Amino acid sequence: EGRRREGEWDDDDDDGDEDPSRWPCNIVYAVLDAMIAFPPENKDRTFEAICNALVRRTVFVTGAVDMDGCPEADRGEVAFIGRSNVGKSSLVNMLTNRKSLAFTSKTPGKTQQFNYFAVNDKPELARQIRYGDDVPGTKDRDSFYMVDLPGFGFAKVPQRQRQQWSDFMDEYLMERETLQVVFHLIDARHGPTDEDCRIMHKVGAIVRDENGQRRNNAKYVILLTKADKNVKGASSEKNPGRVTEAVRTKLEDAMDANGVGYAPVVATSAETRLGRNEVWKYLRLAAES
């Protein structure tokens, strides 16, 4: 595993029929599944080790404002969408065990493009992007993209730019064949807003047709963020977060009304790390695609 982290694993090292470079990640995912079924006492430390094995390298690749600006569709990818100030960037940082992978700001709407982050791409890719050096090597087999999409609702931008984002979003969801998961982030304290309902309707209509059949490979998953804010003295060990019955009912009604009643829902918290194991079950779809 150490050699694979450095991009030095060679399939010729093994004469067997199976691909040995996939073994370590399969083992790590098995541990992750076990953690979900049987949470360990030292789950924070265990998850940190697991995350470091699954996310060996991360690098910002590009910020796209249209489909032509997206990188080559040569691997799986997951997208995070939600209105501004929902905690999107903080959640991405928590899931990858990084402090500043995604841009985090106290000013809503600072994410103003489709920000692509490559996970487990070739070593030294950051140097190639930054300085233009020709760096040898290839991406790992479990490399994938995480895409941080623009916030909606509170973003202080002109209506014309919001419409451009919306049009780009439609095109992206319909045409990006390597998109595996669309994570829709909703504030667990308040439940879906009118803007969230519009996002539900948009994603639901594009991902599924009028008969409920899937148009593409993408799964639609709702993540309830900031669940720790609903608990006094929340911590990773005790009371990591909760969702009130009123919010759950409001969410279920909105999902049914917008044709996405089938979507899984996961309560999360960037502060207490609630939901990280469950979210990784979906990130795995992109890593293994």
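**Notes on the charged residues in this model**

1. Let's start with a charged pair of sequence neighbours: Asp-74 and Arg-75 join their side chains in a salt bridge, 2.9 Å from N to O. (A salt bridge here is a side-chain nitrogen of Lys or Arg within 4 Å of a carboxyl oxygen of Asp or Glu.) Asp-74 is partly exposed at 32% relative accessible area, while Arg-75 counts as buried at 9%. (Buried is under 20% relative accessible area, exposed is over 50%, and partly exposed is in between, using a 1.4 Å probe and protein chains only.)

2. Before going on, bear in mind that this is a predicted model: local features need pLDDT of at least 70, side-chain atom pairs count only at pLDDT 80 or more, and totals for chains, interfaces and linings use all residues. Residues are numbered from 1 along each chain as its sequence is written, and side-chain values use heavy atoms, with hydrogens and water left out.

3. The whole structure has 15 salt bridges. Lys-202 and Asp-170 form one of them, at 2.7 Å from N to O. That pair links distant parts of the chain, with Lys-202 in helix 7 (residues 194-207) and Asp-170 in helix 6, 32 residues apart. (Helices, H or I of at least four residues, and strands, E of at least two, are DSSP runs numbered from the N terminus.) Asp-170 is partly exposed, at 22%.

4. Lys-229 and Asp-228 also pair up, at 3.8 Å from N to O. Lys-229 is partly exposed at 48%, but Asp-228 is buried at 9%. Elsewhere, Arg-56, Arg-57, Asp-140 and Asp-142 are tied together in a salt-bridge network.

5. Leaving out residues up to four places away in sequence, Arg-176 touches Cys-70, Pro-71, Glu-72, Ala-73, Glu-77, Tyr-116 and Glu-171. (Contact means heavy atoms within 4.5 Å.)

6. Asp-44 sits in helix 3 (residues 43-54) and is partly exposed at 21%. The C-alpha atoms of Asp-44 and Thr-272 are 9.4 Å apart, although 228 residues separate them along the chain.

7. For the overall picture, the protein has nine helices and seven strands, and 46% of its 289 residues are buried. Among contacts between residues at least 6 apart in sequence, 75% join residues at least 24 apart.
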